Amino acid sequence: MQIEERNRRMIFDFKFWRYFTRQGELIHNLNETEMRGFGPRVFLVLLFGVLTFALPEIWGMNTASLTPYMAAGMDDTYLLARYVSLFGVLIWAGIYLSFHLYGAAFAFHRITDMPWRAAIVMQLYVVALLIIEKALNFIIFSLAGFTMPVSILSFGPLAATFLDASFLTFFFNQLTVVTALIIALQYRFVRAFTTIPPKKLLFVLLLIHVAIALFVASFSLMPVEEWLVRFTEGGVPVE
């Protein structure tokens, strides 16, 4: 009986929402016990993430470049373009979510030497925060009846007002309220599992997020819509 009781205490059930606001308890459990029930939560978060990427596309947000097909009565071409656009969004969702969950967790595991289990749990909450931000933007744009290529919760709209440079607008678009929450979460987790000095850790985290913002800003400047038009038109853009 004592052995069974001891084994029972050494396993905890991972409950996503329970530990969302109880990070200290979660870190303690990851240090002291084994985790159970993590896989299904990962699947649900990723599924919700894919849906969050797909819904704006299905709704018709950011597909203005395809409207001329409908106006010209090219219903088949318009439908094909929408399907191709949705397929591209789903591919991007898979890359984006996988990078932030598995890629970033692997990087933290290798660079900071924190346990893989702790790194993947940390990044699951990072991905959840990014999904919540995207969902909030979708809800706001749906209610307002318009959309923008930048996040309402970021410095992107402010940058677009004062700066006449798309790259800087997309760069500041990556700096949001959620970014600050993510840095705070990662700082708490990494510090609990490594011996990196606090100031150095904070500097490294800030540097990482600035580098990610620069990368995403560069990627955002790629003429995806123009490529989509050329693909569906066989190389001839819509006038």
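Which residues touch the most other members of the largest nonpolar core? The points below start with the overall layout and then answer this.

1. Basis. This is a predicted model, in which local features need pLDDT of at least 70 and side-chain atom pairs count only at pLDDT 80 or more, while totals for chains, interfaces and linings use all residues. Residues are numbered from 1 along each chain as its sequence is written, and side-chain values use heavy atoms, with hydrogens and water left out.

2. Layout. The protein has 12 helices and 2 strands. These are DSSP runs numbered from the N terminus: helices are H or I with at least four residues, strands are E with at least two. In order from the N terminus, the elements read α-β-α-α-β-α-α-α-α-α-α-α-α-α.

3. Burial and surface. Of the 239 residues, 37% are buried (buried means under 20% relative accessible area, exposed over 50%, partly exposed in between, with a 1.4 Å probe and protein chains only). Areas come from the Shrake-Rupley method with a 1.4 Å probe; for residues, only the protein chains shown count as cover.

4. Core. The largest nonpolar core has 42 residues, and F14, L26, L30, V121 and F189 touch the most other members. Such a core is a set of buried Ala, Val, Leu, Ile, Met, Phe, Trp, Tyr and Cys residues joined through side-chain atoms within 4.5 Å. Elements giving two or more residues to this core include helix 3 (23–32), helix 6 (75–112) and helix 10 (177–193). Helix 7 contributes the most, 13 residues.

5. V121. Neighbours within four places in sequence aside, V121 is in contact (heavy atoms within 4.5 Å) with F14, L26, L30, M35, F38 and F189.

6. Q123. This residue also deserves a look. Q123 lies in helix 7 and counts as buried, at 1% relative accessibility. Not counting residues up to four places away in sequence, Q123 touches H100, L101, A104, A105, F108 and Q186.

7. Surface patch. F155, L158, F162, L163, F167, L168, V210 and L214 make a nonpolar surface patch of about 710 Å². Patch residues have over 30% relative accessible area and no salt bridge; like charges are joined within 9 Å, and nonpolar side chains (Val, Leu, Ile, Met, Phe, Trp, Tyr) within 5 Å. A salt bridge is a side-chain nitrogen of Lys or Arg within 4 Å of a carboxyl oxygen of Asp or Glu. Helix 8 (156–162), helix 9 (166–173) and helix 11 each give two or more residues to the patch.
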